[in-house]
Amino acid sequence: VEGECYTLGGIAFDGNKIHEDESLRKLVESMPGEPYNPVQIATDARSIRDKYGEQGRIFTKVIPERVLAQEGTVLDVVFRISEGEQVTVQDVLITGNVRTQDRVIRRALEIMPGELYNSKKVEESKQQLGRLGFFEKPISIEAKETDDPTRASVVPYCALCAPVRASAGHGLSFSTTGMSPQVLATAPAHH
């Protein structure tokens, strides 16, 4: 399929029981009749997987399969879907944090133990953690499978970023590198 220009023919779905074809088709930006674009097809597959992930089905697999049509330069795409089980958050295991107290990270998370896993809330949590300014970006939050296929641990990885330096307007400065505060300005001399 390399080298030649192909046109996207039909788009179909296989294995979907929860969502009807029409609802999934609304998530797909690839349009029949346009040039076949494998990057966009991969993005479409991710959009379908995200739709399931918002409903707790985080282990859903979506595999786009190319089928060469009889015309020879037309590719049909069938999105093969394995929907998976709904998953509940069992616990939150914070890793990589040496910058702040874990409760600060937990407060920024949009997803809590006992809730249905929601991939949209996970993305919002990443943004919230990024806004704290304590950690490197990108911040990763992974779902770790447990012994129970309907439960997962949420594992935010918060990598330390460069030391934060702050200064106050009244002549004091401190650093998180372990140094003690320093007086930066002296009182004016009286004459």
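1. Let me begin with the packing of helix H4. In this predicted model, the buried residues of H4 are in contact with helix H2 (38–53), helix H3 (102–108), S5 and S6. Those buried residues are Ser119, Val122, Ser125, Leu129 and Gly130. Viewed down the axis of H4, they fall within an arc of 135 degrees, so they line one face of the helix.

2. The length of H4 is worth a quick check. The helix covers residues 119–132, and its 14 residues should span 20 Å at 1.5 Å a residue. The end C-alpha atoms are 20 Å apart, which agrees with that expectation.

3. Both ends of H4 deserve a look. Asn118 caps the N-terminal end, with a side-chain oxygen 2.8 Å from the backbone nitrogen of Lys120. After the helix comes Gly133, whose phi is positive, near 80 degrees.

4. Next, one of the strands that H4 packs against, S6. Is strand S6 (residues 151–157) mostly covered or mostly uncovered? It is mostly covered, as five of its seven residues are buried.

5. Strand S4 (residues 88–92) runs parallel to S6 and is joined to it by four bridges; Asp91 has Ser153 of S6 as its bridge partner. Strand S5 (residues 140–145) runs antiparallel to S6, with six bridges between the two, and here Ala143 is partnered by Val154 of S6. S5 and S6 also form a hairpin, with five residues between them. As a reminder, strands of a sheet pair through backbone hydrogen bonds, either parallel or antiparallel.

6. Now for the open sheet. Three strands form it in the order S1-S3-S2, with mixed pairing. Its edge strands are S1 (7–14) and S2 (61–68), each of which pairs on one side only. From one strand to the next, the twist averages 20 degrees.

7. Within that sheet, S2 and strand S3 (residues 74–82) pair in the antiparallel sense over eight bridges.

Definitions and conventions:
Residues are numbered from 1 along each chain as its sequence is written. This is a predicted model: local features need pLDDT of at least 70, side-chain atom pairs count only at pLDDT 80 or more; totals for chains, interfaces and linings use all residues. Side-chain values use heavy atoms; hydrogens and water are left out. Buried means under 20% relative accessible area, exposed over 50%, partly exposed in between (1.4 Å probe, protein chains only). Two strands pair if DSSP finds at least two bridges between them. The expected span of a helix is 1.5 Å times one less than its number of residues. The arc is that of the directions from the helix axis to the C-beta atoms. Contact means heavy atoms within 4.5 Å. A polar contact is a pair of N or O atoms within 3.5 Å; within protein, one must be able to donate a hydrogen and the other to accept it, and residues adjacent in sequence count only if both atoms are side-chain atoms. Axes are lines fitted to C-alpha atoms, for helices over the stretch in contact, and angles run from 0 to 180 degrees between N-to-C directions.
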